[in-house]
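I am opening my notebook on this structure. I want to look up what surrounds the ligands, then how the parts touch.

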Amino acid sequence: MNERKAILRVENLKTFFRTPRGIVKAVNGIDITVYEGETLGIVGESGCGKSVTSLSIMGLLSKSAFTAEGHIYFDEKDLTKLKEREMRRLRGNKISMIFQEPMTSLNPVFTIGEQLSEPLLQHRNLKKRERRQHIIEMLKTVGIPRAEEIIDEYPHQLSGGMRQRVMISLAMLCEPKLLIADEPTTALDVTIQAQILQLMKNIKQEKQMSMILITHDLGVVAEMCDRVVVMYAGQVVESAPIRTLFDEPLHPYTQGLLASLPHSNTRKKELKTIPGSVPRPDDLPKGCAFAPRCPKVFDKCLTDKPPLFEGSVQTSRCWLYEDQLAGGEERRLQDV
Amino acid sequence: MSEYEQSKDSQPIVEAPAAPLLEVQELKKYYSIDQGWFKKNLEVKAVDGISFSVYKGETFGLVGESGCGKSTAGRTILKLNDPTAGGILFEGEDISKLGYGDMRKLRRKLQMVFQDPYASLNPKKTIRQILTEPLRVHNLFTPKERIQKAIEILEIVGLSEYHLNRYPHEFSGGQRQRIGIARAVILQPELIIADEPVSALDVSIQSQVINLLLKLQKEFQLTYIFISHDLGVIEHITDRVAVMYLGKVVELATTEEIFSDPKHPYTKALLSSVPISHPDEQKERIILSGDVPSAVKPPQGCSFHPRCPDCMEICKTKEPVTVQLSPTQSVSCHLYPKE
Amino acid sequence: GTDDQPDSEPGSETPDPSAPSRDSIVIAVESDAVTMLANTDVNYVNDVQIRNIYDPLIERDEQGQFIPGLAEEWESIDELTWEFKLRDDVVFHNGEPFNAEAVKFNIDYILDESNQSFYLSRWTMVDEVEVVDDYTVRIKTSVPFPTLPLRIADDLLIMEPTHVQEVGNEEAARNPIGTGAYEFDQWQRDEYLILTANDQYWKGEPQIKQVTFRYISEFSARLSAFLSGDVHLFKNVPVDSVANIENDDQSKIEMIGSSRINYLALNNFYEGPLQDQRVRQAINYAVDVDELLEAVLNGYGTKMTGPLSQINADYTETSDYGYDPDRAIELIQEAGYEPEDLNLQIDTPSGRYPMDTHVAQAIASQLERIGISVNIQVNEWGNHLAKIRQRDMQDMFILGWGPAYDGQGTIENLFTENSPYSGFYDPEVEEQIYAALPIFDENERKQAFDDLQHLLVEQAAWVPLWQQGDLYAVDDQLTFIPRVDERFTVFEMSWD
Amino acid sequence: MENKSRLAGFFSQLVRSPTGLLGFTIIICVLILGIAGKSIAPFPPNEANFINKLSPPLTDGHILGTDQLGRDILSRIIHGTRVSLMIGLVTVVFAGLIGTVIGILAGYFRGWVDIILMRIVDVQLSFPFILLVLVINAVIGSGLQNIIFSLVIVGWVIYARMVRSEVLALREKEFILACVATGVPRWQIIIKHIVPNLFTPIIVLSSLQIATFIIAEASVSFLGFGVQPPEPAWGNMLSEGKDYIFSAWWLITFPGIAIVLTALGVNLFGDWLRDVLDPELQGKS
Amino acid sequence: MLDYILKRAIQTIIVLLLALTAVFFLIRLAGDPTALFLPPDASRAQIEQFRTQLGFDRPLYVQYFEFMVNAVQGDFGTSLRTREDALSVVLDRVPATFQLAFTALGLSLLIALPVGILSAYKRNSIYDQVGVGFTVLGQAVPSFWLGLILIYIFAALLRWFPSGGGGSMMHFVLPTVTLAAYSVARFARFTRSAMLDILSKDYIRTARSSGTPTRRILSRYAFKNTLIPIITLVALDLGTLLGGAVITEVVFSWPGVGRVLYQSLLNRDFPVVLAGVFLIALIYSILNFITDVLYAYVNPQIRVK
Ligand SMILES: Nc1ncnc2c1ncn2[C@@H]1O[C@H](COP(=O)(O)OP(=O)(O)OP(=O)(O)O)[C@@H](O)[C@H]1O
Ligand SMILES: Nc1ncnc2c1ncn2[C@@H]1O[C@H](COP(=O)(O)OP(=O)(O)OP(=O)(O)O)[C@@H](O)[C@H]1O
Ligand SMILES: [Mg+2]
Ligand SMILES: [Mg+2]
Ligand code: NI
């Protein structure tokens, strides 16, 4: 696995927001690596920083956000150092993104075709006819019937599933190396979700690209991903290959998460739960962010922030594994 | 010792008694959409003749895809919408024709929990006001006692007196949903309709709220109609399930039957679409083609036929009737012809 | 104005400034003319414009005295008949000759109800117009009408009969033909009226070849148009702006005591303290007209002491109440009040007369000096007039009257029960007025009007204020002699 | 305690916004002038002094000069503050009340009530604000009450529209459904649940409307239907001074500045208030 | 579409009828016009006669019905002052008003759109603060005051522009600026907030994720979305500009509808006032209709079906 080439390396990324109530540390030091051709899942509860991470990679954050620290290497280029112009050349070309809300992510006053022309216009030198041809082909690839007609229709004329297909084709038009999908199916029905997931699997295989799949649904992760990163309160708490994560989760949070799924419990009986709720990013506890909810909490958790302990394939941010896994690097101990 | 604690001792009634608590008969709710003065209004057949009974103490599940009329059914049963046709018998009394005022008194026994924990609490009211209002409008207790009740119920749902004077925006989603549940439970109703009470919540919070619902059911012998699109949750919590498609109930059975032996092709497809729960799990997928059709122009015949993998000629023209396959299972599909 | 832009005809591009041809003039007036028909609308603004197109039979000189116009001479043949001898050398702009038929046509025009002339009520005593020969006309009245020449001078203008008959009133209202010094050129509603010189004018060729009346309703805009040289003449400069214009070396102020009079009416139609003569007198004592004139009007106005102004033909000198606050208080007390009991209202229009609202406020503060409390009600002009007509006025109001050249026109229309314009009515006074009106003998008539004036003063029928001072802003190089009748007779003007 | 901290939070937010703070400061100053005007003004506002008429600013203790009757402009502006504020506030209160009631009726009951009320609104919107005020004033005459009356007649419409659309949105909200489900009587739903949720938009709208009404009064005065003299109001000061821009610029300049400043302050504050109160904007941050 | 137009037309007619009714009765309350038309020495008999001529002696409801019947046929009677057809008196002024209104509108949009868009894009920058400051100021300045000050400075002191009246291009400048000042402020503020709203939308992020440059996003994507609310506002304001420019028209002696209405009101020239109100309400309704059509044009969600 290690021989494989990393296409994206996020190192100690910290993305903060300036707000009227002070600085919000939405992403507080995360490390992610995506290898060529693999699908990396990111799971975590609402507000833990999944979207901010992906938007940081895309450089699409609003003006109130800033990268306080860290690097994002894509193809050995540090994206945090790129100018907007250079970043623009990557977006929609080398890296693409699919968003959660197919209903609002398409502009209601432009036709599908007009919107899909945009990446081609920016990144490819094609004639108008060629562009149209290309788009229609792409629409067919994602399984849109009547592609020749749909191209001239407006988003509101399409159903949610269709729109998500359009979004996927938008992302795929320039055959990017990396596709980031931020909860691509959360807004969809299960039957439609199954269609879309199937489609994404096929496309990925066909185009040999890498993918980051963000979701809160462990089932989707199990179905789609090669490796998983679990986030909690702006940090990575655990990362592991997919089977390892489901079979031997290390972090108490991951364990709790898996245990609380209805399937893992007897019907009609009380579910196992993680008590409490996710802390607000501006109100993090002093030690481990998960400590207040952790069933295995001990003294050290309350006072010291754990670093990310790395095993051969698995990492975990928990003091329990201080001895089992290799210690985090020095800098991580200091800064948090 | 409070009333709530007293009731803890009594055993929940699991056995279905003969007379249903609630009986829904051929309930219809059509919305009309204004198309201008000179065109006939469009009709959305959001709920198109559904029938089922709910027995005391059970949890009755309603599943189906978005837009199939689950919420409309729930709201119409509680008469938050006026039904277009059909009967709603509550404790044997038809409430479908009651006016706002008469219905008001009955509402003590019929409550609702909403999906969106952010929209379902008035942002301008404190928790105290939110929780005492039901008691106040039904003239229960003295003002002092009401506050006492509010504190008790808060503790039951896992919050405390300390939260009494706060506003909803000071709570997390999970906490708000607990408050919404507390508001529904404080009147000690007979029936609670919970419209996707957990689907807006995070996984870890979802399980807390489900536990709370289970606990309350035990304590107060509540009857639930539980609406959800999440089959995992439905499987866990319900006793019987009705599967809806385009305003109709296509299959109704006990939860075990539905999950172990689904009959309707739609139910089958629905179950097969659920993501696997472990990477090693192998699943036979029935991937449905096409989208959910709109309720404005439902297809001829069986409304599921354009997506149905087992579609036959008859399905395209003739609407199937409901067939009772076993005492507990019924289905509307031409695959199961009536003898 | 400074730059020589004599010809700033609206609609055209600014003319070449290097050609200072001074043969046109722009006069700014407050509002549009209503109609180009003569003898129809009584409005002053209308009159000043069309009088350059139409001529009257009788004119007035600058001081208001009658002089021949289209009529060379006139006399009353008997109490019920007047005869007018007309000029025989006058032609209309369209070449038609002016003659007795034209006079008859125009008087009949007023009398014809279907024309809806607003002058009709003043002319109802005229029975018939008789054409004696081409240039002689007789007017027969139903009752003795000693003031007919006055009506003729002030109201009657001569339109070309065949034109009006041919095109109809509606068209004639837009396209007038008269005998006047200027011919109609174009009229853009609410913008301007352009007239061009009638070189065949019977009095001679006008010096100024083109006249433009521009309609500018806001004073400030008028003044700025004037100061920038777009406008060469306008009337009604507020007294406080006089200095501005005088300080401008391209401009001058011309002033004349107008025939229009301003007064404070004391209403006795209405049940109240003002029905008591002593209270009315007291108010006359308490109002210091000299101070008002000096302080509010900067001296631009001529004080009056009785019902008529000095330029009125029937004027007689009456005694002045003067300013005597102590006497005022005494009189009020005699009438059974304390000044502090009195709470009076003054109604005033706004912007109708020079400084009207300020005069009202100043009068209020003078009355307040002796303890009377006064509140002021400013009315929009239409409402003000309607209130007077409907006799809805409270205690006092400010009003102007004009032109007031003769005793009858003023006294009959002000102090009888039928006419509420002074708010004063007394049966005895009225009887005396009606006795005086039909007197045909000059001396007897004069005596009767003298007596009436004394009586009205004694009755303290109103508080006479002043003869309005008409202030004109005039381009320094324009020769313009203001007239008591407020008219812009462009024929008489010239550039230096 | 809760309220205290909210108030403190309010101020700390205010201090951080330069424009909001400026607006707030102006409003406070204007309010002080309006309330304590009588004791602050250096001269009685209606005392005519003919000798001193039209003296320019800074003569004989008349900081802003005197008018046509020799009255002190500064004192008149200070006194006029009360009238102008009163017009702004009273109109907003009445127009707001009427508009809100009508808007609620139309929005909550819909159907016939709604159709009729909204046609009335359309009628009123179909001819311009100032013209309507003029017509009404021409009918009922001028004066303070009449101005307020006519501004109210004209001003309720905007409230009615706004409230109606808010209510239409509110009545579909789940928390209102929750009330129905609980069995809360209809009138209580309106009064206890809908009305409180209208406060924020109404306050925001009102804060902007006050400025509109103050300016409208001035415009109406300008066209000759204003507050009765000698009572000083900014509008009638301007209207009385309008013929003097050439001879005594201070007559029209200072009351004009007073109006502009006040309207500016109110608008700035209103804008800020909207940003702060708008739940959507707040939710996003 | 056809039934939509029909529906709109019926609505418009109802609004017009109601408006006419309201103004008819309002104006009858305003009192008798005779005072202003007849000379002060007119006799009572003559006043009565005049009232009879006008039909004022009959019961109000009879007058009302007659008026409505005639009005429906476009006959508003003749002006009491000028004896011309009342409707044509007003119609004659429409071109002047249109010229002024549309120039002002053009000027407003020309300034307001860039200012609004840029201050939204550069939110909270100095540029934004200054822009917002000016727009708020624009709304705080009473138009007659601005007009007078402009006349004073530019017509009287500097003598760059004429102080009033219609005619050459130069005559347009000051009234246009006065009239536009308020709308500029409104439009700019509105554009800014609409733009802010749009810029936070998901689909803008989508456009950015395709690598579209900011300038193109602003000028093509966001702009078209912003246009939808702006069109509504423009229509609303154009109505006001057309009929509500009373003050500007009075200050600058502009021969427009607003001024003739104002003067007719002062003169109690009822037929003209009624014709004017009718015309303004009609124009307003037509504008609203055009807006809706335009709206549908830019907003495809309405267009279909
Ligand atoms: N523009 C912003 N300004 C301030 N805080 C922000 C902003 N955007 C996001 N945040 C904060 O950053 C944190 C992470 O947000 P993010 O959207 O990445 O969560 P997420 O994991 O994607 O959640 P979800 O599952 O709900 O999409 C949240 O606490 C959020 O409040
Ligand atoms: N007020 C309404 N007016 C018109 N149509 C409505 C209204 N409410 C719901 N509908 C329509 O009725 C149908 C059923 O809606 P409903 O909300 O009951 O579905 P649902 O099953 O609850 O879906 P979801 O899972 O999205 O909540 C949908 O097609 C919807 O568009
Ligand atoms: Mg997210
Ligand atoms: Mg629902
Ligand atoms: Ni889910």
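**Entry 1: ligand 1**

I started with ligand 1 and found 14 residues around it; a residue counts as near if one of its heavy atoms lies within 4 Å of the molecule. The closest are A:Ser46, A:Gly47, A:Lys50, A:Ser51 and A:Val52.

I noted how I must read this. The model is predicted, so local features need pLDDT of at least 70 and side-chain atom pairs count only at pLDDT 80 or more, while totals for chains, interfaces and linings use all residues. Residues are numbered from 1 along each chain as its sequence is written, chains are lettered from A and ligands numbered from 1 in the order in which they are written, and side-chain values use heavy atoms, with hydrogens and water left out.

Next I looked up backbone atoms. A backbone N or O atom of A:Gly47 lies 2.8 Å from an oxygen atom of ligand 1. For A:Lys50, a backbone N or O atom is 2.9 Å from an oxygen atom of the ligand. A polar backbone atom of A:Cys48 sits 3.3 Å from a ligand 1 oxygen.

**Entry 2: ligand 2**

I turned to ligand 2. It has 13 residues around it, and the closest are B:Ser66, B:Gly67, B:Lys70, B:Ser71 and B:Thr72. Here I found side chains. A polar side-chain atom of B:Thr72 lies 2.4 Å from an oxygen atom of ligand 2. For B:Ser66 the distance from a polar side-chain atom to a ligand oxygen is 2.7 Å. B:Cys68 uses a backbone N or O atom, 3.3 Å from an oxygen of ligand 2.

**Entry 3: two domains in chain A**

Where do the domains of chain A run? Domain 1 covers 6–94 + 174–325, and domain 2 covers 105–173. These bounds come from an automatic or database domain assignment. Their centres, taken over C-alpha atoms, are 30 Å apart.

I checked the contact (heavy atoms within 4.5 Å). 20 residues of domain 1 meet 14 residues of domain 2. The two domains bury about 1,400 Å² between them, 67% of it on carbon and sulfur atoms. Buried area is the accessible area (1.4 Å probe) that two parts lose on being put together, summed over both. A:Cys174, A:Leu199 and A:Ile203 supply 37% of the area that domain 1 buries against domain 2, more than any other three residues.

I counted zero salt bridges between domain 1 and domain 2 of chain A. A salt bridge needs a side-chain nitrogen of Lys or Arg within 4 Å of a carboxyl oxygen of Asp or Glu. There are eight residue pairs in polar contact, both at pLDDT 80 or more. A polar contact is a pair of N or O atoms within 3.5 Å; within protein, one must be able to donate a hydrogen and the other to accept it, and residues adjacent in sequence count only if both atoms are side-chain atoms.

**Entry 4: chain C against chain E**

I moved on to chains C and E. The contact takes 49 residues from chain C and 45 from chain E. About 3,900 Å² is buried there, and carbon and sulfur atoms give 46% of that area. In chain C, C:Phe118, C:Asp190 and C:Arg389 lose the most area to chain E, together 18% of what that side buries.

How many salt bridges link chain C and chain E? I found three. In one salt bridge, the side chains of C:Asp190 and E:Arg93 meet at 3.2 Å, N to O.
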